[in-house]
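Colleague: I'm new to this one. Could you walk me through how to read its features?

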Amino acid sequence: MKSKFSHFKLSLRVHFFLIKGLLVTLGVLLNSCSEKIYQKEDYSFYNKTFKIDPSSLLRTDGIYILSSIWTNENEGVVKQTNDHRFYKFYSTGQCNLTLDPELKIKTDQDYVKAVEKDFLALQHTLFHGYYKLSAEKIIIQSRELPRKQFEYKYGYVKKDSLIIVKAATHRKGTFDAVNYTDYYKEYYVFKSLPIDRTSEPQW
């Protein structure tokens, strides 16, 4: 009888550890599958003391709307695009890319509402990021899925325009000449808007 009782206790102990191990494994899997909530400090480009140079060509009193795309294929023809998207830059170093695949944003008021909505967002999205400037060169750092790493977009700031020439996840966002290629260009045209949201969004 004593032997049976000891065997029963051992069986309970084995089941306990099996269940405990299963719960731990499940917890690890759930944690690995959950999306990390990124904070400002996760971005290497984040600089809490950043203030845009007043002499910079980059403007924060409006948005930059994609107007056309150029590649060195097809004899280098500039093509207009129906891909409606635009950048909003803030004087404190943040930026956001808004996508409008259904072409719902049309009027100035629509654009202002979109900027206001983004400004008040409490958490980072895939399209939120931070930028660095060096003379006319710009680099934008944002998140990239599904590889869960940072993407860097390289370009130039001209008078009332923005030109993105490359996007990559390697090289960690440097102003090296190799990042400023000449086989692809996205042209964004500046549009001034009556907005007060020029610095320090909620995220």
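Modeller: Happy to; let's begin with one pair. Lys-158 has Ser-161 in E8 as its bridge partner. Strands here are DSSP runs of at least two residues (E), helices are runs of at least four (H or I), and both are numbered from the N terminus. This is a predicted model, so local features need pLDDT of at least 70 and side-chain atom pairs count only at pLDDT 80 or more, while totals for chains, interfaces and linings use all residues. Residues are numbered from 1 along each chain as its sequence is written, and side-chain values use heavy atoms, with hydrogens and water left out.

Colleague: What does pLDDT tell me, and what is its mean for the protein chain?

Modeller: pLDDT is the predictor's confidence in each residue, from 0 to 100. For the protein chain the mean is 82, and 76% of its residues reach 70 or more. Over residues 12–34, though, the pLDDT is below 50, and this stretch has 2 contacts in the model beyond near neighbours in sequence. A contact means heavy atoms within 4.5 Å.

Colleague: Back to the strands. How many bridges join E7 to E8?

Modeller: Two strands pair if DSSP finds at least two bridges between them. E7 (residues 149–158) and E8 run antiparallel and are joined by 7 bridges. On another pairing, E8 is joined by 4 bridges to strand E9 (residues 184–192), again antiparallel. There, Ile-164 stands opposite Glu-186 in E9.

Colleague: Is Gln-141 buried or exposed?

Modeller: Gln-141, in strand E6 (residues 137–144), is buried, with a relative accessible area of 1%. Its side chain makes a polar contact of 3.0 Å with the side chain of Ser-44. A polar contact is a pair of N or O atoms within 3.5 Å; within protein, one must be able to donate a hydrogen and the other to accept it, and residues adjacent in sequence count only if both atoms are side-chain atoms. The side chain of Gln-141 also reaches the backbone nitrogen of Phe-45 at 3.0 Å.

Colleague: How many salt bridges does the structure hold?

Modeller: A salt bridge is a side-chain nitrogen of Lys or Arg within 4 Å of a carboxyl oxygen of Asp or Glu. The structure holds 8. In one of them, Lys-191 pairs with Asp-108, with the closest N and O atoms 2.9 Å apart. That pair links distant parts of the chain, as Lys-191 is in strand E9 and Asp-108 in helix H2, 83 residues apart. Another joins Asp-182 and Lys-185, where the closest N and O atoms are 3.3 Å apart. Salt bridges that share partners also join Arg-59, Asp-61 and Asp-160 into one network.

How values were computed. Buried < 20%, exposed > 50% of the residue type's maximum accessible area, 1.4 Å probe, protein only.
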